[in-house]
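This briefing is for a reader who is new to the structure shown below. It takes up a pair of helices and then the surroundings of a ligand.

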Amino acid sequence: MMSEPRSKTSAADNVRKLDAVIVGAGFAGLYMLHKLREQGMEVLVLEAADGVGGTWYWNRYPGARCDVESMEYSYQFSDELQQQWQWTERYASQPEILKYINHVADRFDLRRDIKLNTQVSTASYDEGTASWSVNTNNGDELSARFCIMATGCLSSTNLPKFKGLDDFTGPTYHTGQWPHAGVDFTGLRVGIIGTGSSAVQAIPIIAEQAKHLTVFQRTPNYSVPARNGPLPLEVQQSIKAEYQQFRKTNNQMPFAFGSKYNFREDAATEATQEELRTEYEQRWRTGGLPFLGAFGDLLFDMGANDTAGDFIRNKIHETVQDTAVAETLSPRQVVGCKRLCADTNYYETYNRPNVTLVDISGDPIECITPDGVRAKGENFEFDCIVFATGFDAMTGALFNMDIRGRDGLELREKWSAGPRTYLGLTTAGFPNFFTISGPGSPSVLTNMLPSIEQHVEWIADCVAYLQSNDYASIEPSSEAEDAWVDHVNAVADTTLYPTCNSWYLGANVPGKPRVFMPYVGFPPYVEKCNEVVAKGYDGFKLSAVSQA
Ligand code: N01
């Protein structure tokens, strides 16, 4: 599709010239590289880690696994790949997903165009040449027509600035930057701060090893049993026999997964007590996030949502023997407005004699001390501390770089009141700059793999369109962007998502503007993206080939 790849070097000025630079070698970066190379482009992927895998490279905490089923949380762009790869469990563990990503990197010969251990420090747009200058911590100087951010939504860890953080004399760990050698907690007194998805997976396993585990909980989270287990060969074969149709049906689901679980349209508000109990019980037994598909109004109507909340709170009380602990573990916010967790023995773990729950909802942690944590006027002594405190989601990784568009406009400055994009793919003032699963796209509310594939294919088609029509650059108009931002908010406001302090809103990071970042609803989003293209890139400004 591309005419001629750009010349490879420019020895005189030491700047390597490329068609595209991609930042990040996770699922998004790898597929983007594959796609653009197929189009004859010269591409380089820059990756900070010393291996591929993105989120699955970093998040190696005990119990880390995906909450979307393995037959769905995988690439669909290659039928051979999806037919040949064998998953072993209903939900793939972190090591298995990392093995899969490495297999993909080898299978499609991607490694030769990936530079590891390389962090992008600056990326700036040069109007004269209609290209991006990219600099790295290793002194690389690159010039590329297209700059594509595949930096992930949950890749910049959030470590709250606890007073005394550096005073603790033992080791500390963040779930999102776990040591590769693993951690042996045997015989140790362990403190863990946070009770989100990472903690909910890690706590049961750490509790089995540790001498004592103390959990500091600021907000309880709803969790449903994952019901993980081996994935029988016959189940895989039956899905593989109709894999393409299965993928297609999933892509028509609101969150791009779970079609076999029937996301019902019936209203919980119109169901009898018996119907509610039967439906929730059946989903609790089946396990996993399709629990939220029990009724069509769960994420839209407070009364409907309460019925799901009551059901889970009852389950917590049935499971946890100590009534006071059960009550402390019982969330009061809307089910699903913080990401629903899927666990293995999470609530059961609080029946262990070596586990203590500390409710810090009313009294924030006072400080970290040389020996542990001080909270509620009490000193808790630990041999090590685990921070399961999440991520500066969706914008954090982008803001870790100095990204400047037209006229030196800084991305951090432009988004200081919250991210502004058109379709979550592009932002005004930043020509030829794309964000894969960026804010304003369904991303984290969906099965990430189909969302990533849809973005990669949209970007690849866009680049091919520019090439074949001799356009130098593309960027959205401010009007299209403003309308999209308003639309993203309007859609979110029809749901219950904005009702609690979630990372979807940036509420977990002090000082971050409170803006709902993802777009709710995969099928209408894809339809909009396709419509924009069908109308000749409606809402975008296309510039003729630069004379520079
Ligand atoms: O992070 P989180 P996570 N003092 O932000 C607490 C995906 N994921 O890494 O709720 C005390 O959810 C914070 O408390 P609060 C998934 O999308 C997927 O667990 O803000 N506590 C919260 O309890 C998920 O949603 C999988 O009041 C503080 C916790 O730390 C996302 O990643 C597995 C605090 C952070 O929870 C993030 O999950 C893992 C403070 N100052 C992750 N600051 C699966 O696929 C924060 N907290 C299964």
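Contact here means heavy atoms within 4.5 Å, and helices (H or I, at least four residues) are DSSP runs numbered from the N terminus. The model is a predicted one, in which local features need pLDDT of at least 70 and side-chain atom pairs count only at pLDDT 80 or more, while totals for chains, interfaces and linings use all residues. Residues are numbered from 1 along each chain as its sequence is written, and side-chain values use heavy atoms, with hydrogens and water left out.

**Helix 1 and helix 14**

- Phe27, Ala28, Tyr31, Met32, Lys35 and Leu36 in helix 1 meet Leu449, Ile452, Glu453, Val456, Glu457, Ile459 and Ala460 in helix 14.
- By class, this contact of helix 1 with helix 14 has 10 nonpolar, no polar and three charged residues, where Ala, Val, Leu, Ile, Met, Phe, Trp, Tyr, Cys and Pro count as nonpolar, Asp, Glu, Lys and Arg as charged, and the others, Gly among them, as polar.

**The ligand and its shell**

- An N or O atom in the side chain of Arg218 is 2.8 Å from an oxygen atom of the ligand, whereas for Ser197 a backbone N or O atom lies 3.0 Å from an oxygen atom of the ligand.

Conventions. Helices (H or I, at least four residues) and strands (E, at least two) are DSSP runs, numbered from the N terminus. A polar contact is a pair of N or O atoms within 3.5 Å; within protein, one must be able to donate a hydrogen and the other to accept it, and residues adjacent in sequence count only if both atoms are side-chain atoms.
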